[in-house]
Amino acid sequence: MEEPDVEPAVTVVPGADPAAGQLCFAWGPTEVLVCETRFGRTGGSRPGRPGSVFVFRKDEDIYIDALRKLFNESHGIFLGLQRSEEKLAGKSRKAHLVQVSKNYRSVIRACMEDMHQAASKFVPILSAMELIWNLCEILFVEAAAAGPLLLRLLDWVRLHVCDVDNMVREVLSSEDPSKHELFWNLNNMQTLTEMELKWQHWHEECQRYLQNGTFASSSHMESICKILLGDEDAILEKKELMTTWYHFLVTRLLYSHPTVKPMELRFYAQSSMDLFLGRECSPEPLDTILMAAFAFEIHEVIKECSIALSNWWFVAHLTDLLDHCKLLQSHNLYFGSNMREFLLLEYASGLFSHHSLWQLGVSYFDYCPEYGRAYLELHIERIPLNTEQKALKVLRICERRQMQEQVRSICKIMAMKALRNNRLGSALSWSIRAKDSAFATLISDRFLKDYCERGSFSDLDLIDNLGPSMLLSDRLTFLAKYREFHRLYGEEQFSEAARLLLMLLTSHIAPCFFWMTLLTDALPLLEQKEVIFSTEQTYGLMRCLEDLTAGKLDKQKFQDDVETMKVEMLRLALARNLARAIIKEGTLEAS
Amino acid sequence: AHPQVSVINTVDTSHEDMIHDAQMDYYGTRLATCSSDRSVKIFDVRNGGQILIADLRGHEGPVWQVAWAHPMYGNILASCSYDRKVIVWKEENGTWEKTYEYTGHDSSVNSVCWAPHDYGLILACGSSDGAISLLSYTGDGQWEVKKISNAHTIGCNAVSWAPAVVPGSLIEQPSGQKPNYIKRFASGGCDNLVKIWKEEDGQWKEEQKLEAHSDWVRDVAWAPSIGLPTSTIASCSQDGRVFIWTCDDASGNSWSPKLLHKFNDVVWHVSWSITANILAVSGGDNKVTLWKESVDGLWACISDVNKGQGGVSAAVEGQQNEQ
């Protein structure tokens, strides 16, 4: 049973009247809505006061833009880490992971430098993040062993402390050659035992000097000697030169236990903090995090960081790295390796509130095997498709991941948008892509109706090059074939055109409102010098005309004289053609 | 990290009376509000702005809820009111108009909810006359109505659709053929019950009765699907309790409730975030609390939005696992 040990954050709605009733709440895709209301009542708010709806966003989302460089650059590092998984093993793998960790840190530092100019409030936060990450790198990723451990910690403290370690500077500048030797040896990476022996020897020598009163004449030198011997009180006296308890810790270790083992760190850390802070001061969040790190309680570190930092970036990336180091054991915690996924999902979800950073979120979801895909599906369909370009970008992402439902949905939305803006060609393309036959039929009808009114088609290129997609709907097929008829006529392939026209009429795929147009299209063919329609075909046409007029008589008389005249002309032309066709077919061809 | 939130925009709706509902559209670009002043208003809220797009009149009583349809059907909004009517509004050529009005209920219509877009354009409506009506758009401006009379005795207060799940595997259907979806939705009523309805052979049947509340159920919310075979429903009631119902098997037979929390006042609304990881609860005690489930199945309150009533609004923490 896990108890949340933090009080929930309380947000007060500004300007809201506490006495006025309840709060109505709704989720937006990236924001939330809150407004005052009185549930269940039919009315009666204070007259004259306009109703306000408050739109809330997570602070994290508001500041996302300021940190975009961090997000963008770390994204590349993250991807590289995921993809390099299998290639390395053993020592080279560890070296690789350490390098990845250093890369993350350099991105943090680069951001810090950028923001420094603007005196941004993020600088201290980034600084703290780098401090923590650096320590985690030393203790967890590199897993520095006794010996190099202290060196790393020294570097760590030096890097992060503004005031230079005056102790070290003093020691280095002193004239005692054996002290110089000690540092020289440390850098030469002698074996631990050799180093310990040398150090012991040196330590005893110092002790002797002190006891002999060699430095009795100078309290300053005596003080230094005591410090070198690791005398805690002496070191503490110089407290004001050390900015933090961990600075004190490392200094102490340097002079009393330079060969400290990783597992011993927690004790020295705890006592250092107690000594340095004294009894009155309670630890700050940063102190708690560092202490957990020194104690090698990785999950505590992650948990405390999650609470202390208001953004998910840090814990998500650090946890992912630690997971790659195989440090997150599933039996240690309720959700083991799922911790990594949990944090990545939170981080990536937050990115979707941003108009362009959402693209980074996509790849993070890709590397969350359990829920990544579902989260992606739910988030990606909320991305506003403001432009065709953006819609295509989102589509490509969906297509590459075989997200068929989302592809269809996006295409349908774009088709509807295009139709509402009267861009028929675009609407048609989108319905074809969506494989939406109902919509394709609707748009084809629109094309045909427009043709009836205007006598021409828009978007001819599209219709003429449909290819197999014309089969998506009968109406669309008709539209494409009708255009083919026009083309054949234009190319003077009259008998082909005639055959097609008749087929269009008799196959019943033509919409009713278009029959008259089709029949009228037969006229120029009927009036050619050469006989084009055979008797058979002519009978077919006549039948169609009769069907059409019979149907019309049932409903209403012809609306206008133009229609009546057309019908008359057609009857005449058909009759004439029939006569000519009979003659032609009855005549033997001259051989 | 627990979410710290700040106000980024305050929309002055100029409603002349109490607002009962406010909903963002799919993309967060438009806001619809409805009020006791009988109007429905639509605002463009992009980039922190607020431009009134439409002031829709048509209801003759307080309007309780508004619901946006999926954008693939165009810009469509549904509203329901004390005046017993359900109105569907549509944006056509840049202007919003009434496109359909349903007057088949005998009493206040309390809740409207659009079905998953995969099913077509279908609206479920719950009314104080105890019935639930399902309005389906069939094309060419025509709507078909199916009614479940006496869904809840005394009245139905809330309806919420289950996410669309295609039965069997996700094989690509040949174009033009609709996959066989099993349509389900949940309802809550004055009979203290949460009911689950399933469509079978074109008829709606009561599939489950979920009993746990001791007073009127005010709201139900079916959680979005994140790919698991489990289904989750949240319900809240006049009895101050919020239950999370889960069903583990795909056949939908065994639902078990878990008490999220017992509040000191009526709980009016529950709603899920889009990835279903946070549940928002609006209570009679002047605040909204946000709840999250940890991986070991326990719920904890992570945030509290309230109106600052002095020391009364103590943050709610911890989780309960009472039966």
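**Helical chain A and a strand hairpin in chain B**

Chain A contains 28 helices and four strands. The model is predicted. Of the 591 residues in chain A, 51% are buried. Contacts were also examined by sequence separation. Among those in chain A between residues at least 6 apart in sequence, 62% link residues at least 24 apart. The accessible surface of chain A is about 28500 Å². Carbon and sulfur atoms account for 53% of that surface.

Helix α28 of chain A covers residues 561-586, 26 residues in total. From first C-alpha to last, α28(A) reaches 37 Å, close to the 38 Å expected at 1.5 Å a residue. Its buried residues are A:E563, A:V567, A:L570, A:A573, A:L574, A:N577, A:L578 and A:A581.

In chain B, strand β15 spans residues 184-189 and is mostly covered, with six of its six residues buried. In a regular strand, side chains alternate between the two faces of the sheet. B:R184, B:A186 and B:G188 point one way from β15(B). B:F185, B:S187 and B:G189 point the other way, and all of these residues are buried.

Strand β15(B) pairs with β14(B), residues 156-161, in the antiparallel sense over five bridges. Here B:F185 of β15(B) stands opposite B:W161. Strand β16(B), residues 193-200, also runs antiparallel to β15(B) and is joined to it by five bridges. B:K198 in β16(B) is the bridge partner of B:R184. Three residues lie between β15(B) and β16(B), which form a hairpin. In the turn, B:N192 has a positive phi of about 65°.

Conventions: Residues numbered from 1 in each chain as written. Chains lettered and ligands numbered in written order. Predicted model: local features only at pLDDT ≥ 70, side-chain atom pairs only at ≥ 80, totals over all residues. Heavy atoms only, no water. Helix = DSSP H or I, 4+ residues; strand = E, 2+ residues; numbered from the N terminus. Expected span 1.5 Å × (residues − 1). Buried < 20%, exposed > 50% of the residue type's maximum accessible area, 1.4 Å probe, protein only. Contact = heavy atoms within 4.5 Å. Areas by Shrake-Rupley, 256 points an atom, 1.4 Å probe, with all protein chains shown as cover. Pairing = 2+ DSSP bridges.
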